[in-house]
Amino acid sequence: MRETFAKKIKCAIIHALTASAFSAIVCYCYAAFYFNLIVDFSEGASMWSLIGRLFVLSGLLTLPISICYQLVIHFFPKKNRLGEFLLGLIFSGLTIGLVFYVLKMKEPVFKKEDTLLFVDFYKGFLMPMLFFPLLSWFTFKPFFATKK
């Protein structure tokens with residue numbers, strides 16, 4: 001029993017780290033594409049700063065959710081679907097909460113003339129990245145779901 005529980009916690013940690021790393025990579029690709037094609041917002045947040053923050057944020061979101069997910073599977077094997085639904089609902093709610101946080105934060109001050117024209121799009125640039133941890137967690141969940 002204890003060995004199985006330890007295996008589930010290890011699985012949850014690996015799941016969270018994998019989802020965090022994947023979401024950071026997707027964030028890098030998204031930011032690089034956006035910076036090169038549309039506008040360079042690196043004055044407001046450099047690409048590496050965004051990736052680092054997203055990796056930490058993703059880890060802070062995915063680790064507790066992954067551990068809770070493994071606990072639900074371990075202690076309530078007959079109610080997996082309800083547990084998965086509730087954890088997905090909580091994770092989605094946290095993500096939506098972050099969207100409102102971004103909407104309420106102050107606008108950054110840009111100095112470049114080209115960037116000043118697109119200052120209204122900065123929050124719109126940030127918001128899709130808030131969903132990367134959630135999507136990454138759900139993407140990798142089937143690989144780390146252990147049965148009792």
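Student: In what order do the elements of the protein chain run from the N terminus on?

Tutor: Helices (H or I, at least four residues) and strands (E, at least two) are DSSP runs, numbered from the N terminus. Here the order is α-α-α-α-α-α, with 6 helices and 0 strands in the protein chain. This is a predicted model, in which local features need pLDDT of at least 70 and side-chain atom pairs count only at pLDDT 80 or more, while totals for chains, interfaces and linings use all residues. Residues are numbered from 1 along each chain as its sequence is written, and side-chain values use heavy atoms, with hydrogens and water left out.

Student: How many residues are in the protein chain, and what percentage of them count as buried?

Tutor: Buried means under 20% relative accessible area, exposed over 50%, and partly exposed in between (1.4 Å probe, protein chains only). The protein chain has 148 residues, of which 41% count as buried.

Student: Which residues of helix α5 are buried?

Tutor: They are Y122, K123, F125, L126, M127, M129 and L130. Because 7 of the 9 residues of helix α5 (residues 122–130) are buried, this helix is largely enclosed by the rest of the structure.

Student: What should helix α3 span, at 1.5 Å a residue?

Tutor: The expected span of a helix is 1.5 Å times one less than its number of residues. For the 25 residues of helix α3 (residues 80–104) that gives 36 Å, and the end C-alpha atoms are 36 Å apart, which agrees. The buried residues of α3 include G83, L87, G88 and F91.

Student: Where does α6 bend?

Tutor: The bend at a residue is the angle between axes fitted to the seven residues ending there and the seven starting there. In α6 the bend is about 25 degrees, at F138, and a proline, P142, follows within four residues. The end C-alpha atoms of helix α6 (residues 132–144) are 18 Å apart, in agreement with the 18 Å that its 13 residues should span. Among the buried residues of α6 are F132, W137, F140 and F144.

Student: Which residues make the nonpolar surface patch?

Tutor: Like charges are joined within 9 Å, and nonpolar side chains (Val, Leu, Ile, Met, Phe, Trp, Tyr) within 5 Å. In this model I13, L17, F55, V56, L60 and L63 make a nonpolar patch of about 520 Å². Both α1 (2–37) and α2 (47–75) supply at least two residues each, and the largest share, 4 residues, comes from α2.

Student: Is V56 buried, partly exposed or exposed?

Tutor: V56, in helix α2, counts as partly exposed because its relative accessible area is 48%. V56 and A24 are 32 residues apart in sequence, yet 9.2 Å apart in space, C-alpha to C-alpha.

Student: Is T62 buried or exposed?

Tutor: T62 also lies in helix α2, but it is buried, with a relative accessible area of 0%. The C-alpha atoms of T62 and S20 are separated by 7.3 Å, and the two residues are 42 apart along the chain.

Student: How many disulfides are there?

Tutor: A disulfide is a pair of cysteine sulfur atoms within 2.5 Å. By this rule the count is 0. C27 is in no disulfide, as the nearest cysteine sulfur, that of C29, is 9.2 Å away. C27 is buried, at 1% relative accessible area, and C11 counts as buried at 14%.

Note on methods. Patches are made of residues with over 30% relative accessible area and no salt bridge: like charges are joined within 9 Å, nonpolar side chains (Val, Leu, Ile, Met, Phe, Trp, Tyr) within 5 Å. Accessible areas come from the Shrake-Rupley method with a 1.4 Å probe; for residues, only the protein chains shown count as cover. A salt bridge is a side-chain nitrogen of Lys or Arg within 4 Å of a carboxyl oxygen of Asp or Glu.
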